[in-house]
Amino acid sequence: MESALISGFQGLLLGVTNLGVAHVIMILIASLLLYLGISKGYEPLLLLPIGFGAILVNIPLAEMMGDDGFLRYFYNAGVRTEVFPLLIFLGIGAMTDFQPLLENPKIILLGAAGQFGIFLTLLLALALGFDKLDAVAVAIIGACDGPTAIYVSSKFAPHLLAAVSVAAYSYMSLVPLIQPPIMRFLTTEKERKIAMGVVRQPVSKTTKILFPIVVTIFASILAPKGAPLIGTVMLGNLMKESGVVDRLKRAAENEIANIVTLLLGLCIGATMEADQFLQAQTLLVLGLGFIAISLDTVVGVLFGKLMCLLTAGKINPLIGAAGISAFPMAARVVQVEGQKYNKKNYLLMHAMSANAGGQIGSVIAAAVMLSVLQGMGIVGG
Amino acid sequence: MDTWTFGWTLALIGMAGTMLVLWCLSLLILLLKKLFPYQPEEAASQKG
């Protein structure tokens, strides 16, 4: 009887005796994510489930990511299969209004320039000794687009998924802090004061409906490996613009997006196990992610300057900073910066065009990347 | 394929490819707008 009592009591203490320093550090990091999400409002929809998932997975002996763990079940079902990020894309497509872009299509080029940080960071990652596919996964943080980063990293470097996702979402929420100093450094006061006229070119409903169909067919044929990314965004947008499947559109942007966001966040948190996350490589990934998003802004603003030059000063280069996928945060940053130098300047609609271009651009950049990798034989066909 | 050949190839084709695809998309948008121009009646029917 006495030994049974001792054994039973020891069972209660097993969790405590197996708690290591690494677990404690990870629980503190997870608590920081929860704090940033809850108190600071940084991407709370993701940081809250990520932080909580990270706590769960670092409870000793709970084995949440063991073969029978409940987080492992969701991870295998939604992340390994890449279904979760694609369902998020469906919701994004249903929520996004491409009208500003359709009104002013040449601005889409800023959405391409805003992705160059991906490719420049790839070179940096390779220089720092990352393996080829690891470098691709790190560089994709420059897409400034959470689902794209998760899709690519879960495909090529699942061991980096946690670091890449945390970096992508953290820096996206820090865009209002990261971008303005770069924008000011690269532009003159005269350029920042340029007022852009109002572009009102109404778009027909037929054009809005055909746009997602044409983009899907054209871009998927050019970059077939990216068809799932492009296809889901554009399916969501077609549901919105067609106006005939309102129930499905509402489901995509509400129920589906909400459930998947919760499960995806938990799964990302679940990959933050101490032995995998507490490595020097994680710090490198976070550093390179910051560089990637900064380089996106640099190239976007420089391309804006080029467009300013080519249009004889009609384009304010600041809108180049909105050519990233952080929608609509980057556009708001441009509006705020523009108004600091010219109170009568309303850059928001132009910046929204660039920002919508950035959303398409990030997906296209990932699609092009996947197809080039396939062409080079780095990944299977 | 060595690391740098891989890196430069992916970076250059990636940047050029992204720019090219988006430029083509801008042309397609212009074409769609030309083929299906906005009709003022649409605004009236939307209001109605």
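Visitor: What makes chain A and chain B count as touching, and how many residues take part?
Guide: In this predicted model, 37 residues of chain A are in contact with 29 residues of chain B. Contact here requires C-beta atoms within 7 Å.

Visitor: Which helices of chain A supply the side that touches chain B?
Guide: At least two residues each come from α7 (108–113), α8 (116–127), α14 (205–222) and α20 (348–375) of chain A. The largest share, 10 residues, belongs to α14(A).

Visitor: How do the residues on that side of chain A divide into nonpolar, polar and charged?
Guide: There are 27 nonpolar, seven polar and three charged residues on the side of chain A that touches chain B.

Visitor: How do you know what confidence the predictor has in chain A?
Guide: The mean pLDDT of chain A is 92, and 99% of its residues reach 70 or more. Within chain A, confidence is lowest in helix α1 (residues 2–17), at a mean of 83, and highest in α8(A), at 96.

Visitor: Why is Ser362(A) called buried?
Guide: Ser362(A) has 32 other C-beta atoms within 10 Å. The cut-off for buried is 20 or more, so Ser362(A) is buried. This residue lies in helix α20 of chain A. Leaving aside neighbours within four places in sequence, Ser362(A) is in contact with Gln115(A), Ala143(A), Cys144(A), Asp145(A), Thr148(A) and Ser325(A). Ser362(A) and Ala149(A) are 213 residues apart in sequence, yet their C-alpha atoms are 9.7 Å apart.

Visitor: Why is Thr311(A) called exposed?
Guide: Thr311(A) has 11 other C-beta atoms within 10 Å. Exposed means 12 or fewer, so Thr311(A) is exposed. Its place is in the loop between α18 and α19 (329–341) of chain A.

Visitor: What makes α3(A) largely enclosed by the rest of the structure?
Guide: Of the 14 residues of α3(A), 11 are buried, so this helix is largely enclosed. Among them are Leu46(A), Pro49(A), Phe52(A) and Val57(A). The buried residues of α3(A) pack against α2 (21–38), α4 (70–79), α10 (146–156), α11 (161–173) and α16 (246–270) of chain A.

Visitor: How do you know that the span of α3(A) agrees with its number of residues?
Guide: At 1.5 Å a residue, the 14 residues of α3 (residues 44–57) of chain A should span 20 Å. The end C-alpha atoms are 19 Å apart, which agrees.

Visitor: Why is helix α9 of chain A called mostly covered?
Guide: Seven of the eight residues of α9 (residues 132–139) are buried, including Lys132(A), Asp134(A) and Val138(A). The buried residues of α9(A) pack against α8, α10, α11, α18 (280–310) and α20 of chain A, together with α1 (3–35) of chain B.

Visitor: Which residues have the most contacts inside the largest nonpolar core?
Guide: They are Val138(A), Ala139(A) and Val164(A), in a core of 143 residues. Helix α20(A) gives the most to this core, with 16 residues. Not counting residues up to four places away in sequence, Val138(A) touches Thr121(A), Ala125(A), Phe130(A), Leu160(A), Val164(A), Val285(A) and Leu288(A).

How values were computed: Residues numbered from 1 in each chain as written. Chains lettered and ligands numbered in written order. Predicted model: local features only at pLDDT ≥ 70, side-chain atom pairs only at ≥ 80, totals over all residues. Contact = placed C-beta atoms within 7 Å. Helix = DSSP H or I, 4+ residues; strand = E, 2+ residues; numbered from the N terminus. Nonpolar A, V, L, I, M, F, W, Y, C, P; charged D, E, K, R; others polar. pLDDT = per-residue confidence, 0-100. Expected span 1.5 Å × (residues − 1). Core = buried A, V, L, I, M, F, W, Y, C linked by C-beta atoms within 7 Å.
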